[in-house]
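User: Could you take a close look at the aromatic pairs in this model for me? I would like to see how they sit within the fold around them.

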Amino acid sequence: MAKVIVYSSAHCPYCVMAKQLLERKGVQYTEIRVDLDPEKRQEMMAKSQQRTVPQIFINNKAIGGYTDLVAIDRSQQLDGLLAKA
């Protein structure tokens with residue numbers, strides 16, 4: 001199974017929807033709350049070059065946010081990415 005990291009914050013509806021999509025697919029992920037730890041926000045921005053949450057990484061590759069995740073899923077590429085270890 002792929003290593004999935006979701007950078008998120010508490011009051012972010014797109015974060016909730018991204019996590020729900022991953023959960024529907026049975027994916028275990030690590031959630032990093034950037035609203036609780038400013039250093040993690042800096043880490044996220046350095047890794048993704050983005051300031052907004054969620055930022056999703058699969059096997060250390062930046063996927064983007066919720067709409068990017070949905071686009072990858074609709075193009076039927078997400079399951080393949082998630083299957084790689």
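Analyst: Happy to! A word on terms to begin with: helices (H or I, at least four residues) and strands (E, at least two) are DSSP runs, numbered from the N terminus. By that count the chain has four helices and four strands, and along the sequence they come in the order β-α-β-α-β-β-α-α. Please keep in mind that this is a predicted model, in which local features need pLDDT of at least 70, side-chain atom pairs count only at pLDDT 80 or more, and totals for chains, interfaces and linings use all residues. Residues are numbered from 1 along each chain as its sequence is written, and side-chain values use heavy atoms, with hydrogens and water left out.

Now to the rings. Rings of Phe, Tyr and Trp (its six-membered ring) pair if their centres lie within 6.5 Å; planes under 30 degrees apart count as stacked, over 60 as edge-to-face and the rest as tilted. Searching the whole structure on those terms turns up two aromatic pairs. One of them brings together Tyr-7 and Phe-57: the ring centres are 5.7 Å apart and the planes stand at 75 degrees, so this pair is edge-to-face. Tyr-7 belongs to strand β1 (residues 4-8) and Phe-57 to strand β3 (residues 55-58), so the pair ties together parts that are 50 residues apart in sequence.

How covered are these rings? Buried means under 20% relative accessible area, exposed over 50%, and partly exposed in between (1.4 Å probe, protein chains only). Tyr-7 counts as buried at 0% relative accessibility, and Phe-57 is buried too, at 3%.

The pair of Tyr-14 and Tyr-66 is tilted, with 6.0 Å from centre to centre and 45 degrees between the planes. Here too distant parts of the chain are linked: Tyr-14 sits in helix α1 (residues 13-24) and Tyr-66 in helix α3 (residues 66-74), 52 residues apart. Tyr-14 counts as partly exposed at 44% relative accessibility, whereas Tyr-66 is buried, with a relative accessible area of 19%.

The loop between α2 (38-48) and β3 holds Pro-54, which is joined to Val-53 by a cis peptide bond with omega about 0 degrees. Gln-49 is in the loop between α2 and β3 as well; its phi is near 60 degrees, a positive value in a residue other than glycine. At 62% relative accessibility, Gln-49 counts as exposed. In the loop between β3 and β4 (61-64) you will find Asn-59, where phi is near 50 degrees, again positive in a residue other than glycine. Asn-59 counts as partly exposed, at 27% relative accessibility.

Finally, the wider setting. With contact meaning heavy atoms within 4.5 Å, residues 24 or more positions apart account for 60% of the contacts in the chain with a separation of 6 or more. Of the 85 residues, 39% count as buried. The C-alpha trace spans about 35 × 25 × 20 Å along its principal axes. For the radius of gyration, taken over C-alpha atoms, the globule rule is 2.2 Å times the number of residues to the power 0.38. A compact globule of 85 residues would have a value near 12 Å, and the chain has 12 Å, which agrees.
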